[in-house]
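Here is a short briefing to read alongside your model.

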Protein chains: 2
Amino acid sequence: MKILEERIRKDGVVKAGNVLKVDSFLNHQMDVELFNEMGREFKRLFADRPINKILTIEASGIGIACIVAQHFQVPVVFAKKTQSINIDGEVYTTKIESFTHKRVYDVIVSKKYIGPEDHILIIDDFLANGCAVQGLINLIRDAGATVEGVGIAIEKGQQAGGRMLRDQGIRVESLAIIDSMDDAAGEIVFRQN
Amino acid sequence: MKILEERIRKDGVVKAGNVLKVDSFLNHQMDVELFNEMGREFKRLFADRPINKILTIEASGIGIACIVAQHFQVPVVFAKKTQSINIDGEVYTTKIESFTHKRVYDVIVSKKYIGPEDHILIIDDFLANGCAVQGLINLIRDAGATVEGVGIAIEKGQQAGGRMLRDQGIRVESLAIIDSMDDAAGEIVFRQN
């Protein structure tokens, strides 16, 4: 998606250790106009799928997911990273390792909000090693629901997550795929479609 | 706001201990159509204020804040509950006690995204004791920015937060204010405007 790639080149900051910081528009400060363009594109890409719900994970996926959901006219469910006393009843649960935060989270979704009748689009801001998305897929399958696809803002194409998901037959659409980054030169190479 | 009160009566669940569960439409599963109506109402209520940014706190405020931001055509910044290695540079920091999660969080916002030029609307899903909103106000004041107001979906009018903020001269607009709840009868009494 050209406007996302241009925005990453303009406002993204490449750091040592294969880190791309996009917190000026994607995951700390959030440009909701840009999210709207992303929502329009995800709707175009997944127009053939009978999506009735969007699933994301707190925290940085929530904003994108809500704006995207307007284009599908469906509700959003976000998976929670720790058990909260405000969720009662039974939950589906999985474990997700966060390399950013260097810890393993218990991730839960109430059984009330995902079930066998659901056709779910997963939305998240980043895809790198794929742990978060795989965890959400596990929750969806535990619920007997259908994974219709995965919509990602930025995929790190050098990391294994995208291939690991596509090899399972999951449809993954990433609006920008980074093939390489050079922190010394500040250069970013995007995969050509 | 009538449609929010009606939705709370229809889908909210009153529990012992003054707990109102609205996770079917507000803070686990999220009804973005309802959020859109809330955004329209906040825009009407704060139309006279020169708001250029919305501030919220992860996680359950983010979805509402993003949808509301479309009506103001401004970016959203969300305060983060723990230091992440993906935020570099300096941050404003405060501590917020969560009675729901029974712990104290360090809450941060990057100094890059709030400054003296900003006129900020705070958005959150709930107002009870006011700790979260007061923490966000502290961050805004540390940054030398202006608090233009506070927009809340559901205020628990029996708790002290609303009065504490209004006594400081802060403009607080809550779309539904609950004056009392009865978990035995499942009854909710809303404050009349």
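How many residues of chain A are in contact with chain B, where contact means heavy atoms within 4.5 Å? The count is 42 residues of chain A against 42 residues of chain B. This is a predicted model, in which local features need pLDDT of at least 70 and side-chain atom pairs count only at pLDDT 80 or more, while totals for chains, interfaces and linings use all residues. Residues are numbered from 1 along each chain as its sequence is written, chains are lettered from A and ligands numbered from 1 in the order in which they are written, and side-chain values use heavy atoms, with hydrogens and water left out.

**How the two chains are arranged**

- Chain A is superposed on chain B by a rotation of 180 degrees with 0.0 Å of shift along its axis, and the RMSD is 0.0 Å.

**The interface**

- About 3,500 Å² is buried between chain A and chain B, and carbon and sulfur atoms give 56% of that area. Buried area here is the accessible area (1.4 Å probe) that two parts lose on being put together, summed over both.
- A salt bridge is a side-chain nitrogen of Lys or Arg within 4 Å of a carboxyl oxygen of Asp or Glu.
- Between chain A and chain B there are 15 residue pairs in polar contact, both residues being at pLDDT 80 or more. A polar contact is a pair of N or O atoms within 3.5 Å; within protein, one must be able to donate a hydrogen and the other to accept it, and residues adjacent in sequence count only if both atoms are side-chain atoms.
- Elements giving two or more residues to the side of chain A that touches chain B include strand E2 (19-21), helix H2 (32-45), helix H3 (60-72) and strand E7 (103-110) of chain A. Helices (H or I, at least four residues) and strands (E, at least two) are DSSP runs, numbered from the N terminus.
- H3(A) gives the largest share of that side, seven residues.

**Salt bridges within the chains**

- Over all chains, the count comes to 30 salt bridges.
- A:Asp48 forms a salt bridge with A:Arg49, with the closest N and O atoms 3.9 Å apart. A:Asp48 counts as exposed at 54% relative accessibility, and A:Arg49 counts as partly exposed at 29%. (Buried means under 20% relative accessible area, exposed over 50%, partly exposed in between, with a 1.4 Å probe and protein chains only.)
- A:Asp48 also meets A:Arg171 in a salt bridge (3.3 Å, N to O). The pair links distant parts of the chain, 123 residues apart: A:Arg171 is in the loop between helix H5 (161-166) and strand E10 (172-182) of chain A, and A:Asp48 is in the loop between H2 and E4 of chain A.
- In chain B, B:Arg40 forms a salt bridge with B:Glu37, the closest N and O atoms being 2.8 Å apart. The two are separated by about one helical turn because they are three residues apart in helix H2 (residues 32-45) of chain B.

**A buried charge**

- B:Glu5, in helix H1 (residues 2-11) of chain B, is buried yet has no salt bridge. The nearest side chain of opposite charge, B:Lys2, is 5.1 Å away. Lys and Arg count as positive and Asp and Glu as negative, while His and the chain ends are not counted.
- Not counting residues up to four places away in sequence, B:Glu5 touches B:Ala176, B:Phe190 and B:Arg191.

**Backbone spots to look at**

- Most residues other than glycine have a negative phi, and most peptide bonds are trans.
- The peptide bond from A:Glu58 to A:Ala59 is cis, with omega near 0 degrees, and A:Ala59 lies in the loop between strand E4 (53-57) and H3 of chain A.
- The bond from B:Glu58 to B:Ala59 is cis too, with omega near 0 degrees.
- A:Gln73 is not a glycine, yet has a positive phi of about 55 degrees. A:Gln73 lies in the loop between H3 and E5 of chain A and counts as exposed at 65% relative accessibility.

Notes. Least-squares fit on C-alpha atoms with pLDDT ≥ 70 in both. Contact = heavy atoms within 4.5 Å.
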